[in-house]
Amino acid sequence: MSVWRQLTRGLRALTNRPAADRDVADEVQHYLEQATAEQTAQGLDPDAARRAARLELGGAMNVREDMRTFGWENAVETLLADLRYAVRRLRQAPGFTAVAVLTLALGIGATTAIFSAVYPILLAPLPYPDADRLLMLTDLGADGSPLDVTYGTYREVTERARFFDAVAVMDQWQPALMGLAEPERLTGQRVSAGYFRVLAVAPARGRDFDASDDRPQGPRVAIVSDGLARRRMGGADAIVGRSILLEGDPYTVIGVMPPGFENVLAPTAEVWSPRQYQAEASFESAEWGHHMRMVARLKPGIAIDPAVRDLEAIARSPIPEYPRPPWADLKLGFGVHSLQHDVVRGAKPVLLAILGAVLLVLAIACVNVTNLLLAHGARRRGEFALRVALGAPRQRLIRQLLTESLTLASLGGAAGIAVAMIGVRALGALAPAELPRAPAIRLDAPVLAFALVVTALIGLVVGFAPALGASRDDPHAALQRGSRRAAGGRGNARSTLVIAEVALALVLLVGAGLLLRSAGRLFAVAPGFDGSHVLTMQVEAAGHALYADSARIQYYAQALEAVRAVPGVTSAGFTSQLPLSGDLDAYGIVFASIPPERQNDYGSAMRYAVTPGYFETMRIPLKRGRALDAGDATVGPEAILINESFARRIFPGRDPIGERVRLGPEIGNPDRPWDVVVGVVGDVRQTSLALDAPDAFYVPMTRWGWVDNVQSLVVRSSGDAASLAPAIQRAIWSVNRDQPIARVATMDALVSRSAAQLRFALTVFEAFALAALALAAIGIYGVLAGSVAERTREIGVRVALGASRRDILALVLRQGLGLTALGVAIGLVGAVAASRGISAMLFGVSRLDPATYVGVIALLVGVAALASGMPAWRATQVDPASTLRAE
Amino acid sequence: MDAPNTDVIQGTLDLLILKTLSLQPLHGFGIARRIEQISRGTFKVNPGSLLTALQRLERAGWLDAEWRRTENARRARYYALTRAGRRQLEAETADWTRRVAAVARLLNAEG
C-alpha cells in the first residue's frame, strides 16, 4: 500500500509540479492563518499576531522548501535537471561531443561485436536443454590422443554404462540429392537412433528416429533441417511423409527439425539418416573401424566424475558378450570431455587474443575521452569555481560531471550498437569456416546487456578523473586565474594518459606486426603447385547408374573431355584429393627393398588417384623418371609416382625409379604383383602451408582398388579462373545432369582459406591497431595543442629573449616525443608479455622478433612526430609583442 | 534560570502525531496545539518539522490526508490515522514504554 502511495504521490509531483507546490503552499498558509487567528484571539493586534505566527513557523519559505524536497521524486528531478544541463553543455561544444561520441562508439561497438562471438562460444551453454550434461566420449590412440570410436565400442557403452540417459554415435554423410531440377550434394550425418534424444531436441514436424529405423536393412528414412525443407522441398509442412532421392535411393522424410535448431556437432548438416549398422558384426566389417563420434547425455544429478569412473571400470573389464578387436581394446580407457569443450577448443586461443585486442582498443578509447573531458573541463574551471563560490556543494558538481560523462557514454553506446551491427556482419564475413556456433553470433539480449554495462562503466570511468579534479579545485585560485590559462595543474594527468595511450597502442601494433609477418612468411611458402588461374570443384558420381567402377571411369573421362572443350580451358584433370582443401586421405605403402623398420614413419602416405592432366594443370614438377601416361591407365605393372622428400628419405643417395611397392589394401596380399615407382614429383603441402609436405604417392585413377565417387576437378584457364565456373558446370551436366557439383573455388581461394584463422586474426588486429594508432596520435596532438595554447605567454617571453623558431619547434617536439618515448618503454614491457597470447598463431617468426618491434616503434614514433608537428608549428607562430601586451 | 526545554524528545514526534490523530482527525495546526495542550506545555512542536513529518507519515501509509474547505473558503488539509497507522502506533507505544521502563530502572538503581 505504501509503495503504491510513494509511487502515485511521487508521480503526481513529477507530472504536475505546480499542483503539488500549491498543496504545500496552502497547507503552510493555513497553518499561518490558524496561528495568527489564535494570537489575535489572545488580544494581539493583527500585525503583531501575524509576526508572531511567522516567528513560530520559522520562515515559511524554508518550511515549504523542506516539504517540497521530501520524497524520491526530488532525486529524479535533480537528475533530470542535471541531464538537461549536461545535454545543453554537450550541445554547446559540438566538436568535442562529436569526437568523444565517435571514439566511444568505435570502442563500445568493436567490443560489443567481439563479445557477440565470445558470449556464445566461450560463455553461454550450448543451445540444448541441460547442455552441461552432454559429454563427448573418444577412444584413445597408442599415444593417448583422442581417436574416433568404433560402432562396436558404442554398443558396449550403451549396454554397460550406468550413468547415461542416452548415448549416440554419428559420422559424416554427403549424399547427393537427385531427381530435382538441379542435383546437389548435401551435408548430413548418419546417426544412431538416439542422436536427437541425446541433444534433447525433437523434430518440429513428423517424428524422431526410433530403434526400428536403426537396424540393417531398415527402412530408408530421413530427417531434414528446416532450412533444407524450405530451400528445396517446398517447406516443412509439404515434405513430411514424402519421398526424396538420395544417392539414387528413395528416402521417406519422417521429420523436420525446428527452424532454430543448431547442430553443433556438424553445423552445416541438413539431412540425417539412421546409420543402420549391424549389432554383432565381424571385426573385418566397417562397424569396427574408428570413424564415429560418440556423444552422451548424463542422467540428471549425476556428476561427471562417477560417470568417468564407471567408463574406466568398463574399459578395464571386458566381458565375453562384447568381444573387442586389438585396435579397439580400450586398454587406455576413454577420453571424456564436455561437448562444450569439444566444440569450442579450436577457436578459443584466437578468440581470446582478439578479445584482448579489442579490450585494448576500448581502453585507448576511454583514455582518449578522459583526456578530452579533462581538456574540456579545464576550460570550464571558471564556471565551476563560480558555482562553488555561489554555494553549490562539491558533491553536486561531481554528480553534474558524472551525469555529463554518462550522457556522453550513452550517446557513444547508442552509436556503438550501430557500429556493433556492422561489426557482427563483418565478423560473419571474415570468420573462418571452422569458427563454431556461427549462427549464434548476433546482437541478442545478453550481448546488448553487456553493451549497456560497458557503457555505464565507461561513463563512470571516463568521468571519474575530471570530476575528482574539478571538485578538488580551490575556487578562489581558479577565479583569480581566470579561465584563459587554466589548464596548468591537469597537464600532468593528461600527459600520463597520453603515455598510457601510446603504451596500449604499441601492444596492439606489435601484435598486428607479428601476425602480419607470420602471414607474409606463410604465404611466401611455396605450396609445391601453381594455383594461379586454377579453378577447382568436386564432381560426384552418385547413384546406382554410376555404381560400377567402369561406369565411373567412363563418366569422369567424358566429363574431362567436355571440360577441356570449354573455351578458355588450357588443361584439366581429376584427383581423388586436393591439396590445402581440407581433404585428407592416406594409405599404407611398403617398398620391397626396404626392411620393415625403415619404411616411412607412419606406414602410410597421402594417396592421390589422378587422371592425366593433373600434374600439368597444377604445374607440379616432375623431378626424375617419367610422368604417368595414358598407357599406365590400363596395361602393364601399375605405375606410381612418389614425392621428392619421401624418395630422398627412404632412398638416400639412390635412384628410386624401378623400386617395387605394394599399396593400401593390397599390402598384405602376396598374390598381388608389385607396383613400380616410375617417377618422382615435387613436394606438395597437403594439410597446411605451415606443415611440411607429407609423404605422398600418385596412382592412375583407373588402377586403384576402386574409383572414388567424389573427385576434385582442377582446370587451368588462360584468363580469370573463377569466371569459367558456370561454363564448366554446364559442360559436366551436359554429360550427366543428375550429378552434383560442390566446393567450387579457385585454388588461390582454397590456399588462402587454409590459413583462415591467421588471416582472420590478422585482419582484426590490423583494424584494431590502426584505430589505436589514430587514437594515440589524436591524444598526443590534443595534449600538445593544449599545452602550447597554455604556454603562449612563456613562449612569447622565450622568443622575446632571443629563442629562435628552431628552439621553439624543438621545445614542443621534445615534449611530444618525450611522452611517446615513455609510452613506448612501458608498452614494450606490455607487448612482450601480451605476445604470449598470440604465439600459437605465429608462423616462422618469434614472438620477440626484433625486426617487428623496431618497425612498430619506428611507425609509432613517426606518427607521434607528425602529431606533434602541428602544435609545434603553431608555437613558432606566437608573436611575442602581442602576447606580452595581452597580459 | 534558563527557560525550560520545550523541544520534542528526539525520535518521538511520529509517536506524538500518531497518538494525537488516534483521538480525532486534525489539521497541522490543530495537531501542534493538541500536543502542547495534552503535554501541558512541556512540548512545543516546531511547525516545520511537524508539516514535513506529516508528509512523511502520509507517504508511509500511516495517515490519510484530505482537503477540506474552511469557512473562509481556504483549503485545509486534515489528517486521519489509517489502519496501518494504528498498528504503527501500537508498535511505537510498546517500544516507547519498554524504553522508558528501562531508563526508569537505571535511574532507580542503587549501589
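How many bridges join β2(B) to β3(B)? In this predicted model, 7 bridges link the two strands, which run antiparallel, and within this pairing B:A65 stands opposite B:Y79 of β3(B). The pair belongs to an open sheet of 3 strands in chain B, arranged in the order β1-β3-β2 with antiparallel pairing. The edges of the sheet are formed by β1 (26-27) and β2 (63-69) of chain B, each of which pairs on one side only. Helix α1 of chain B, which spans residues 13-23, packs on this sheet and touches β1, β2 and β3 of chain B, while its direction makes about 95° with that of β3(B).

Strand pairing was also examined in chain A. Strand β20 (residues 660-663) of chain A is joined by 3 bridges to strand β16 (residues 586-591) of chain A, the two running antiparallel, and here A:F591 has A:V661 as its bridge partner in β20(A). A further 2 bridges connect β20(A) with strand β21 (residues 675-681) of chain A, again in an antiparallel arrangement, and the bridge partner of A:R660 in β21(A) is A:V676. In general, strands of a sheet pair through backbone hydrogen bonds, in either a parallel or an antiparallel manner.

The contact between the two chains draws on 22 residues from chain A and 18 residues from chain B. On the side of chain B that touches chain A, the elements giving two or more residues are α2 (28-38), α3 (47-60) and β3 (75-81) of chain B, and α3(B) gives the most, with 8 residues. The residues on this side of chain B comprise 6 nonpolar, 7 polar and 5 charged.

Key: Residues are numbered from 1 along each chain as its sequence is written. Chains are lettered from A and ligands numbered from 1 in the order in which they are written. This is a predicted model: local features need pLDDT of at least 70, side-chain atom pairs count only at pLDDT 80 or more; totals for chains, interfaces and linings use all residues. Two residues are in contact if their C-beta atoms, placed from the backbone, lie within 7 Å. Helices (H or I, at least four residues) and strands (E, at least two) are DSSP runs, numbered from the N terminus. Ala, Val, Leu, Ile, Met, Phe, Trp, Tyr, Cys and Pro count as nonpolar, Asp, Glu, Lys and Arg as charged, and the others, Gly among them, as polar. Two strands pair if DSSP finds at least two bridges between them. Axes are lines fitted to C-alpha atoms, for helices over the stretch in contact, and angles run from 0 to 180 degrees between N-to-C directions.
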